[in-house]
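This report goes through one protein model with its ligand. Look over the sequence and the structure before reading on.

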Amino acid sequence: MKSVLITGATGDVGTHLARELAGKYKLRLSDRRALKAKNFVKADISKMADCLRITKGMDAIVHLGGYSVEGPWQSILQANIIGCYNVFEAARRNGVRRIVFPTSNHATGFYRRDQTIDHRVYPKPDSRYGVSKVFGEALGSLYADKYGMEMVMVRIGNVNPAPLDKRRLSIWISPRDIAQLVSIGIDHPGIKFEIVYGVSGNKRSWYDNSNAARLGYRPQDDSEPYAQEILAKEKPGDNDIAEAHQGGIFCTAEDVPNPAAPKKKGRKK
Ligand code: 15L
């Protein structure tokens, strides 16, 4: 059984993956925030010493740790630029060849919604957060070419048990589909550097995800059964830029709340 490190394990995607992949791999879970679990190791990825400690002895890393929405540059710099560099570099020094990096739909969020994009398009980030994900993709490409590491970049849409709104009907991925895709990223032989889209088999998808299909991805879910109810509830938006582009509100907002965060009482969604 392969030993796999999941960074950012207390986050929303990390929680789904830790549950879905338990039993398939020997998991080591890690995060800045504490988690009560026997296989948990607390670490701050902005510190190289912590990264060297948690990556030691692993067969693969699923690097989820970081700042997961648009926000202040200092937070993104520490978590997503310095943190990502530290994890990849610690993996290299410890001889861990395989990294699955969940990048984001926001690396390409300034593509228009009437376009279908595949894994070969150049990045069009919609936010500082999106730029930090492009940095991770570029670093992965460098480490694959220069050091022979094996890198799978998963541009995740939105992981949730069910899609949240109209935009997410096009980018939704169910927990079991993201688990399938991440498993392919961990186990597929002969990987050098791949980009795939982390989305279910959505009828309304903006992506040509043929690269994921080539690697064996067969999504089990589609957002379509949720569409009628979501579209009936959603009023037409008045932010033309957000409405026209795949990244939605990330294209214009300076801060974006995490859709997975608990709702504060009295605050509008
Ligand atoms: C992301 O990249 C975020 O990590 C996630 O929290 C969602 O905001 C998602 O994108 C989205 O676009 O819905």
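## Cavity

The count comes to 1 cavity of 30 Å³ or more. A cavity here is a set of points, on a 1 Å grid over the protein atoms alone, where a 1.4 Å probe fits but cannot get out. Grid points are joined across faces, edges and corners, and a volume is the space filled by probe spheres set on the points. The largest cavity has a volume of about 30 Å³.

Its lining is made up of His63, Gly65, Ala79, Asn80, Cys84, Phe101 and Lys133; a lining residue has an atom within 4 Å of a point. Helix H3 (residues 73-93) gives the largest share of this lining, 3 residues. Sorted by class, the lining has 3 nonpolar, 3 polar and 1 charged. In this sorting, Ala, Val, Leu, Ile, Met, Phe, Trp, Tyr, Cys and Pro count as nonpolar, Asp, Glu, Lys and Arg as charged, and the others, Gly among them, as polar.

## Source of the model

The model is predicted: local features need pLDDT of at least 70, side-chain atom pairs count only at pLDDT 80 or more, and totals for chains, interfaces and linings use all residues. Residues are numbered from 1 along each chain as its sequence is written, and side-chain values use heavy atoms, with hydrogens and water left out.

## Ligand

The ligand is surrounded by 14 residues, each with a heavy atom within 4 Å of it. The closest are Ser68, His106, Tyr129, Arg167 and Arg168. The shell holds 5 nonpolar, 7 polar and 2 charged residues. Its largest share, 3 residues, comes from helix H5 (residues 166-171).

Which side chains have an N or O atom 2.7 Å from an oxygen atom of the ligand? Ser104 has one, and Tyr129 has one. A polar side-chain atom of Arg168 also lies 2.7 Å from an oxygen atom of the ligand. The protein covers 90% of the 320 Å² of accessible area that the ligand has on its own, by the Shrake-Rupley method with a 1.4 Å probe.

## Whole chain

The protein chain has 9 helices and 9 strands. These are DSSP runs, numbered from the N terminus: helices are H or I with at least four residues, strands are E with at least two.

The C-alpha atoms fill a box of roughly 50 × 45 × 35 Å along the principal axes. The radius of gyration of the protein chain is 18 Å, which agrees with a compact globule, because a globule of 269 residues would have a value near 18 Å. This radius is taken over C-alpha atoms, and the globule rule is 2.2 Å times the number of residues to the power 0.38.

Conventions
Polar contact = N/O pair within 3.5 Å; in protein donor to acceptor, adjacent residues only side chain to side chain. 1 Å grid on protein atoms, 1.4 Å probe; cavity = no way out; pocket = protein on both sides within 12 Å on 5 of 7 lines; lining within 4 Å.
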